[in-house]
Amino acid sequence: MNYALIIAGGSGNRMGQDIPKQFMHVDNCPIIIHTLMAFQKHPDIQGIAVVCLAGWETVLQSYANQFNITKLKWIFPGGNNGQESIHNGIYGLKEAGCSDDDLILVHDAVRPLLSQDIISSNIAICQKYGYAITGIKCREAILESEDGFTSTTSIPRDKLIRTQTPQTFRLGNLIAAHEEAMAKGITNSVASCTLMAELGGRQMHVVPGSEKNIKITTIEDLEILKALMKVQPESWLK
Ligand SMILES: C[C@](O)(CO)[C@H](O)COP(=O)(O)O
């Protein structure tokens, strides 16, 4: 079985709005519902779990009912950071009876323009190699800076990959990684792929992502999302 695990535990402080960014509306629909729709429409996804910000669970369930997201099976409590939220999600799935062999597509709630092709490739690559990370090659020149204002050092871009989500793993491998992380005192890794890299010994395979698979973090991202949705209104159909 293949399950989506949607990470929606963040409060969206960087957006500076009253409503958490995953619940803001674009095109008369909350961003998180656009995201869930991509998985709802995919024929090889059997169920969806959401790790949700405390206090928003009922709102999420009502939106899911309103927009007919019938694959939403589980809502788990969010954590204090991304690693903790994923931790809550995978243990929730295990307790709900999912098997170690099931594929878990971990995806940001605020990446609403996920294509069907990227979901399919994640499933295929994870089935074949075990660890699938969506990413795109870095096209910009990169400078390293300690203070965010000054730099004397560049990093060659040829070897750099900008990661996105989904990041896909077998449930058993994800749980083993989170247990190893706890034992080693790693508690705040930025993403599943950074956690795997910090632990070492796992070879991750990159699934081609897309510049359209944008993560909504700032008001500027929201403007880009609205513009993209005008030219491609039903992103999940592509
Ligand atoms: C997982 C991620 O989308 C990979 O690019 C990214 O790390 C998420 O970062 P955030 O801090 O949760 O916005």
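A polar contact is a pair of N or O atoms within 3.5 Å; within protein, one of them must be able to donate a hydrogen and the other to accept it, and residues adjacent in sequence count only if both atoms are side-chain atoms. An N or O atom in the side chain of Lys215 is 2.7 Å from an oxygen atom of the ligand. The model is predicted: local features need pLDDT of at least 70, side-chain atom pairs count only at pLDDT 80 or more, and totals for chains, interfaces and linings use all residues. Residues are numbered from 1 along each chain as its sequence is written, and side-chain values use heavy atoms, leaving out hydrogens and water.

- A polar side-chain atom of Arg111 lies 2.9 Å from a ligand oxygen atom.
- Thr163 places a backbone N or O atom 2.7 Å from an oxygen atom of the ligand.
- Of the 360 Å² of accessible area that the ligand has on its own, the protein covers 72% (Shrake-Rupley method, 1.4 Å probe).

**Ligand shell**
- The residues around the ligand (a heavy atom within 4 Å) include Arg14, Asp108, Gln164 and Val190.
- Strand β10 (residues 161-170) supplies the largest share of this shell, four residues; strands are DSSP runs (E) of at least two residues.

**Helix α1**
- Helix α1 (residues 31-41) is largely enclosed by the rest of the structure, because 10 of its 11 residues are buried (under 20% relative accessible area, 1.4 Å probe, protein chains only); helices are DSSP runs (H or I) of at least four residues.
- Among the buried residues of α1 are Ile31, His34, Met37 and Phe39.

Conventions
Buried < 20%, exposed > 50% of the residue type's maximum accessible area, 1.4 Å probe, protein only.
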